[in-house]
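Okay, thanks for making time, everyone. I'd like to walk you through one model today, so let me put it up on the screen.

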Amino acid sequence: MRFLAVVLQQTCRNMLFTWKSQIMTQFTVSLSVLIFSFFYLIYSNALHVGQELGDDLRLVVYLEEEPAPAMKEQYQMKILKFDQVDRIEFISSQQAFKRFEQQLGDNSDVLTGVPANFLPPSIEVYPVRSLDSLSRIKRFSDYLQTLPGVLKVQYGKEWIERFYSFIQLMRVVIILSGSLLIMTTTFMVAHTIRLTLLSRQQELELLRLLGATNNYIRMPFLMEGAFQGLLGSSCGIIALLLLFNWINLQFAGPTTLTLLPFTFFPWQVTLSIIGSATLLCAAGSFSTTRRILQL
Amino acid sequence: MSQETTYPDVMIDMIKVTKVYPPDVQAVSDISLTVNRGEIVFLTGMSGAGKTTLLRLISRIEKPTKGMVEVAGIDVAKLPQRSIHLLRRKIGMAYQDFKLLPDRTVADNIAFSMEVVYRPQSFIEKRTRDLLEQLDLIKKYATRTEELSRGEQQRVSIARAVANFPEIVLADEPTGNLDAETTNRVVNLFNQLNRQGTTILIATHDRSLYQQTSHRVVELRFGRIPAQQPAYPEDSNGDDPASSYSPSLEV
């Protein structure tokens, strides 16, 4: 207890003595966390959107003629051989006609006189729902095209490709901003601690002469790093929350944004971001203290 | 910790200790010195005789180039870095250059030595006030040490050295900047500690401190203890050194 009290007292004293560099570090950490979490928020929401849109994702394989039961079995076997699927549905010409009729609703009379088998039979393949499978859809479609008796394979090729590119781009941005976060937090905190250590060399030397343990000397700096991470990342997250609320207010009303689910991080993610930044800063402080004090 | 000595009364035992600073400055050479628990020993000699080096070797600020230094049964040269604090907590050292933190108050500087051993705040405050009263510095309690005279700084350094009731006090020129009255106060403080069993080593030029003393005076000359000097306690035949204690340093 006494150890903790002394360490806390030392930490607060250190931070007060170097308040200018503390503010600079806090600002940098906050900004890095804000940039990273902003892109991560977009990414996680995009994933959510992708999942919702993916629920409707299916490949429609148009066939030349109605397959016999034996042929259906063969199709099923060949499809399953290539990839796992959620389910496969065979749609006959008549079923397709009925669906079309239902879709037309009040205008279904336009089909009067049209033969009930004018639409080709098809197989509807529902791939397993996961965003990673989007990249495989194209290959899957190419494979289905090679099956005997297949006229054409159709899926929402364009949006899938665009959406996939967007997700890929977001991943790169997140990796970059994550690296930025790691570098700035670690380097800035390490730099601030280094300055503090150098300016207090005389005091630290005296502590050693008076019989202070390595932990007694090191812990306040470790705590200082952790505090910087905790405060900086909390400020970053609060700034993001304010930005999120502002965006929601700006786009309130009948806009695209209201059609898409745009939500803030769940508390677990928020805590993880704050925790990671705190740990990173503590690690930066630890390595500097270790190097300079040679403890 | 290292091996226990076979003589429980021996507090400091230096055997054939040599310290050479690079490139080849021989600070002390082949010194053997034994100090018993509860003894007061004066180290005298000209500037550069090796008094400060000897104190630095005892507190493991320096490692001996040759020989062995044992303090309270601990071979200090073999002490690993992570355990040095255990030795330093047994020793209170008043440095010749004071080693005070100029931007901290007198009280803060004295409290420093007690904080590192996690003394309660109430104890720290009381002990600091007591020491400052004894050394006639109580009015300077909240003064920054950079604003003090050298004599006052010296007293703060002494107060810090003794604050933690160390087993050994090493004082390097403790009265160099003090007038007679203040010197008396410092001497009284050392006497008081010695009565409680503290071993005290005083490196000094100040003849008045040891001229009429019954305590052992060891003179260093060019880093050596001349052959006729009492490098061992006179009562090393088994008498308790504390029994030869005199109530003052007889200054």
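What you see is a predicted model, where local features need pLDDT of at least 70 and side-chain atom pairs count only at pLDDT 80 or more, while totals for chains, interfaces and linings use all residues. Residues are numbered from 1 along each chain as its sequence is written, and chains are lettered from A and ligands numbered from 1 in the order in which they are written.

Of the contacts in chain B between residues at least 6 apart in sequence, 72% join residues at least 24 apart.

Now, strand 3. It covers residues 40-44 of chain B, and because 4 of those 5 residues are buried, the rest of the structure largely encloses it. Which strands does it pair with? Pairing takes at least two DSSP bridges. Strand 3 of chain B runs parallel to strand 8, residues 199-203 of chain B, with 4 bridges, and there Ile40(B) has Ile200(B) as its partner. It also runs parallel to strand 9, residues 216-219 of chain B, again through 4 bridges, with Leu43(B) bridged to Val218(B).

Leu43(B) turns up again over in helix 1. Leu54(B) sits in that helix, residues 51-58 of chain B, and, neighbours within four places aside, contacts Val28(B), Ile31(B) and Leu43(B). Leu54(B) has 29 C-beta neighbours inside 10 Å, so it counts as buried.

On to helix 3, residues 106-115 of chain B. Its axis comes within 7 Å of that of helix 5, residues 150-162 of chain B, crossing at roughly 30 degrees. Axes are lines fitted to C-alpha atoms, for helices over the stretch in contact, with angles from 0 to 180 degrees between N-to-C directions. So helix 3 and helix 5 of chain B are roughly parallel; the cut-offs are under 35 degrees for that, over 145 for roughly antiparallel, 65 to 115 for roughly perpendicular, and oblique for the rest. Helix 3 of chain B passes helix 5 of chain B in a right-handed crossing. The residues involved include Phe112(B) from helix 3 and Arg160(B) from helix 5 of chain B.

What about helix 4, residues 121-134 of chain B? Helix 3 of chain B packs against it at about 125 degrees, axes 10 Å apart, so the two are oblique. That crossing is right-handed too. Among the residues meeting there are Ile110(B) and Met114(B) from helix 3 and Leu131(B) from helix 4 of chain B.

Last, the contact between chains: 13 residues from chain B and 14 from chain A. Helix 3 of chain B gives the largest share of chain B's side, 3 residues.

Conventions
Buried ≥ 20, exposed ≤ 12 C-beta atoms within 10 Å, placed from the backbone. Contact = placed C-beta atoms within 7 Å. Left-handed = near helix turned anticlockwise from the far one by under 90°.
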